[in-house]
Amino acid sequence: MKILPMDIQRQTFARRMRGFDVEEVRTYLTIVAEEVAALQGERDSLAQEVQTLRSMVEDHRQRENILKNTLLTAQRVSEEIKENARRQAENVVKEAELQADKLLELAQRRAYDVEKAIIDLRSYQTSLRTDVRAFITRIGQLLDMQEEAEGQDNVRILKRREEAQ
């Protein structure tokens, strides 16, 4: 069963005595719906990207099939032609195979690059989270140190007052 963000937002619950806080449940469902919507958007984007890459690979496969069919035709024609024409046809075939291999390799390399970019972005996201957490920790430590210094200053001021009296 596929749950859409709108399904989550529109969900209602029966009311009972001592039940959940309706506003709190609504707020939580809104947050969950937004997260589901974001995940669906990301999934759809990735699915579209995969579809594009698959289409490119399929195009290259079709080109490869066309090249293979051309190769077979060239071989049949080459059997009917003198030795010199046969050598020329073989050179054309070799060139076509190299081009097909290059195209296929290029498509595979692009697919790999896209996958690597996704992994790199996710790694970068994790790194940013870690940096933000560390920054927050450092700020907390600085605040603690400042509070401690202020406390020590207060004690010194009180001691001076006592000594002055």
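Analyst: A residue is called buried under 20% relative accessible area, exposed over 50%, and partly exposed in between, with a 1.4 Å probe and protein chains only. This is a predicted model, in which local features need pLDDT of at least 70 and side-chain atom pairs count only at pLDDT 80 or more, while totals for chains, interfaces and linings use all residues. Residues are numbered from 1 along each chain as its sequence is written, and side-chain values use heavy atoms, with hydrogens and water left out.

User: What makes the contact of D44 with R43 a salt bridge?

Analyst: The term requires a side-chain nitrogen of Lys or Arg within 4 Å of a carboxyl oxygen of Asp or Glu. The closest N and O atoms of D44 and R43 are 3.1 Å apart, so the pair meets the criterion. R43, at 42% relative accessible area, is partly exposed.

User: How do you know that K68 and E64 also form a salt bridge?

Analyst: Their N to O distance is 3.7 Å, which is within the cut-off, and therefore the pair counts. K68 and E64 are 4 residues apart in helix α2, so about one helical turn separates them; helices are DSSP runs of H or I with at least four residues, strands are runs of E with at least two, and both are numbered from the N terminus. K68 is partly exposed at 45%, and E64 is partly exposed at 21%.

User: What is the N to O distance between R156 and D153, and how far apart are they in helix α3?

Analyst: The side chains of R156 and D153 meet in a salt bridge at 2.9 Å, N to O, and because the two residues are 3 apart in helix α3, they are separated by about one helical turn. In total the structure holds 6 salt bridges.

User: Why is I136 called exposed?

Analyst: I136 has a relative accessible area of 53%, and since exposed means over 50%, the label applies. The residue lies in helix α3, which spans residues 83-164.

User: Where is Q75 found, and what makes it partly exposed?

Analyst: Q75 is found in helix α2, residues 22-80, and its relative accessibility of 38% falls between the two limits, so Q75 counts as partly exposed. The C-alpha atoms of Q75 and E90, 15 residues apart along the chain, are separated by 8.0 Å.
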